[in-house]
Amino acid sequence: SFNPPTAAHQALITEAKKAVAVDEILLVLDQQAVDKEVFGAPLEDRLLMLLVLFGDDPQISVGMSNRGLFLEKVQALQEIYPPGTQFSFIVGYDTIERVLDPKYYRQRDQALHRLFSQARFLVANRKDRDEQDLRGLFQHQENRPFASRVSPLNLPSALAGISSSEIRRRVTAGKPVGGLISPQLEEVLRKRGFYGGQEP
């Protein structure tokens, strides 16, 4: 949800470019992320932050989505991009866990077979979940059919621990966020007053 975009988001993009030959990276801002309340910076301000960070990179595009599930997202993207386009979603470990969670599907296995046949997933470690955990997740019998469509992205531990929620808390409390977000974005947060007093 890029609320706000962090140094970890930037590192994810860098690592994805190393891992896969990409023509374009599309940053998809969800109008309403699954299982997340809308708070913090409004959508238009999050778009502004993404453009501040990536607007000069010709390989990066920014878009918005009103589709909650990844299967819905890839189907929408297929309507926009040329036939034969290969899609890879760049996500964190917590997101791939949600992708596999049966509570989001009426027929989980059928939906996931359709999803993983149309897209790959590049999955980054989080502070408490690493590549070994990812391999273990896809050793579960119900997840094994999709293991070949998932690849790890390894971030340094200092970056893997950065979260948007922690940055929001620090900004609201008046604490420094240097190193957690880019200097130009830190200046935008200060000038625009994002997150000031919006969270306890």
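## Close-up views of a predicted model

**View 1. Phe2 in the segment before helix 1.** Phe2 lies in the segment that precedes helix 1. The model shown in this and the following views is predicted. Phe2 counts as buried, at 12% relative accessibility. Setting aside neighbours within four places in sequence, Phe2 is in contact with His9, Leu27, Val28, Leu29, Arg46, Met49 and Leu50. Asp30 is 28 residues from Phe2 along the chain. The C-alpha atoms of Phe2 and Asp30 are separated by 9.0 Å.

**View 2. The ring pair Phe70–Phe121.** The structure holds seven aromatic pairs. In the pair shown here, the ring centres of Phe70 and Phe121 are 5.5 Å apart. Their planes stand at 65°, so the pair is edge-to-face. Phe70 belongs to helix 3 (residues 70–80) and Phe121 to strand 4 (residues 119–124), so this pair ties together parts 51 residues apart in sequence. Phe70 and Phe121 are both buried.

**View 3. The ring pair Phe116–Phe121.** The centres of the Phe116 and Phe121 rings are 5.2 Å apart. With the planes at 45°, the pair is tilted. Phe116 is buried, with a relative accessible area of 3%. For Phe121, also buried, the relative accessible area is 0%.

**View 4. The aromatic cluster and a charge over a ring.** Ring pairs link Phe70, Phe89, Phe116, Phe121 and Phe146 into a cluster. Lys73 places its charged end over the ring of Phe70. The distance to the ring centre is 5.8 Å.

**View 5. Surroundings of Phe89.** Phe89 is a member of the aromatic cluster. Neighbours within four places in sequence are left out of this view's contact list. Phe89 is in contact with Phe70, Lys73, Val74, Leu77 and Leu115, among others. Its contacts also include Ala119, Arg120, Phe121 and Leu122.

View 6. The largest nonpolar core has 25 residues. Phe89, Ile96, Val99, Leu115, Phe116 and Phe121 touch the most other members. Elements giving two or more residues to this core are helix 3, strand 3, helix 4, helix 5 (108–118), strand 4 and helix 6 (131–137). A second, separate core has 22 residues. Among them are Ala7, Ala8, Leu29 and Leu53.

View 7. Three strands form an open sheet in the order 3-4-5, with parallel pairing. Strand 3 (87–92) and strand 5 (150–153) are the edge strands. Each pairs on one side only. On average, neighbouring strands of this sheet are turned by 25° against each other, direction ignored. Six bridges join strand 3 and strand 4 in the parallel sense. Ser88 has Arg120 as its bridge partner in strand 4.

**View 8. Helices across the sheet strands.** Helix 1 (residues 7–19) lies across strand 3, strand 4 and strand 5. Helix 1 runs at about 125° to strand 5. Helix 4 (residues 93–100) lies across strand 3 and strand 4. The angle between helix 4 and strand 3 is about 115°.

Technical notes. Residues are numbered from 1 along each chain as its sequence is written. This is a predicted model: local features need pLDDT of at least 70, side-chain atom pairs count only at pLDDT 80 or more; totals for chains, interfaces and linings use all residues. Side-chain values use heavy atoms; hydrogens and water are left out. Rings of Phe, Tyr and Trp (its six-membered ring) pair if their centres lie within 6.5 Å; planes under 30 degrees apart count as stacked, over 60 as edge-to-face and the rest as tilted. Helices (H or I, at least four residues) and strands (E, at least two) are DSSP runs, numbered from the N terminus. Buried means under 20% relative accessible area, exposed over 50%, partly exposed in between (1.4 Å probe, protein chains only). A charge sits over a ring if NZ of Lys or CZ of Arg is within 6 Å of the ring centre and within 35 degrees of the ring normal. Two strands pair if DSSP finds at least two bridges between them. Axes are lines fitted to C-alpha atoms, for helices over the stretch in contact, and angles run from 0 to 180 degrees between N-to-C directions. Contact means heavy atoms within 4.5 Å. A nonpolar core is a set of buried Ala, Val, Leu, Ile, Met, Phe, Trp, Tyr and Cys residues joined through side-chain atoms within 4.5 Å.
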